[in-house]
Amino acid sequence: MKTLLKKETTHLKTPLGTVKISGDEEGISEIRFTESTKKVSEETPSLLLPAVQELKAYFEGDLKVFNLKLNPAGTAFQKKVWKLLYEIPYGNTISYLELSKRMGDIKAIRAVAAANGKNPLWIIIPCHRVIGSNGSLTGYAGGLERKKWLLEHENPSLQQSLF
């Protein structure tokens with residue numbers, strides 16, 4: 001008989017809004033932007049402290065690779081897509097078509113895109129690094145403005161302005 005593990009939750013203020021972080025002893029299961037008016041957590045459960053610390057370091061520009069125990073809920077197909085997403089290096093992007101090729105089936109592009117959209121671990125599993133084949137910013141559950149911000153954060157332009 002499987003023992004139910006206590007799920008912990010905390011809320012963290014980021015430059016993009018409040019993020020809800022959930023997980024248990026098996027790992028972090030959810031990191032999502034939330035539009036709720038839930039206050040930022042004053043105390044973070046010790047179980048979630050590494051996720052909070054790494055996210056803060058990421059947003060401060062001090063972390064490029066997350067090292068957290070992850071436990072997202074999803075189908076075998078979704079988990080395979082998420083594993084490939086996790087392997088996209090910081091500061092890089094790939095297209096949905098390229099992601100489908102990496103899955104071994106370019107005809108699965110819609111299924112791959114759907115799995116990308118179901119990713120419960122935003123930022124950690126970097127679904128924001130997937131763009132359209134023409135370089136366009138397509139689809140992001142957190143909103144295109146957040147996707148644009150994340151991509152610019154990871155790969156800032158050398159020339160910010162002429163003036």
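This briefing walks through a helix pair, the nonpolar core and the aromatic pairs of the structure above. The model is predicted, so local features need pLDDT of at least 70 and side-chain atom pairs count only at pLDDT 80 or more, while totals for chains, interfaces and linings use all residues. Residues are numbered from 1 along each chain as its sequence is written, and side-chain values use heavy atoms, with hydrogens and water left out.

**Helix 2 and helix 4**
- The axes of helix 2 (residues 76-86) and helix 4 (residues 109-117) come within 9 Å and cross at roughly 80 degrees; axes are lines fitted to C-alpha atoms over the stretch in contact, with angles from 0 to 180 degrees between N-to-C directions.
- Helices here are DSSP runs (H or I, at least four residues) and strands likewise (E, at least two), numbered from the N terminus.
- The two helices are therefore roughly perpendicular to each other (65 to 115 degrees).
- Helix 2 brings Phe-77, Gln-78, Val-81, Trp-82 and Leu-85 to the contact, and helix 4 brings Ala-111, Val-112, Ala-115 and Asn-116 (contact means heavy atoms within 4.5 Å).

**The nonpolar core**
- The largest nonpolar core has 39 residues, of which Ile-21, Leu-55 and Leu-85 touch the most other members; such a core is a set of buried Ala, Val, Leu, Ile, Met, Phe, Trp, Tyr and Cys residues joined through side-chain atoms within 4.5 Å.
- Helix 1 gives this core its largest share, 6 residues.
- Leaving aside residues up to four places away in sequence, Leu-85 touches Leu-99, Asn-116, Ile-125, Pro-126, Cys-127 and Val-130.

**Aromatic pairs**
- The whole structure holds 5 aromatic pairs (ring centres of Phe, Tyr and Trp, the last by its six-membered ring, within 6.5 Å; planes under 30 degrees apart are stacked, over 60 edge-to-face and the rest tilted).
- Phe-33 and Trp-122 have ring centres 5.6 Å apart and planes at 40 degrees, so this pair is tilted.
- Phe-33 sits in strand 3 and Trp-122 in the loop between helix 4 and strand 5 (130-131), so the pair ties together parts 89 residues apart in sequence.
- Phe-33 is buried at 8% relative accessibility, and Trp-122 is buried at 6% (buried means under 20% relative accessible area, exposed over 50%, partly exposed in between, with a 1.4 Å probe and protein chains only).
- Phe-59 and Trp-149 form another tilted pair, 5.8 Å centre to centre with 45 degrees between the planes.
- Tyr-58, Phe-59, Phe-66, Tyr-90 and Trp-149 make up one aromatic cluster.

Technical notes
Parallel < 35°, antiparallel > 145°, perpendicular 65-115°, else oblique.
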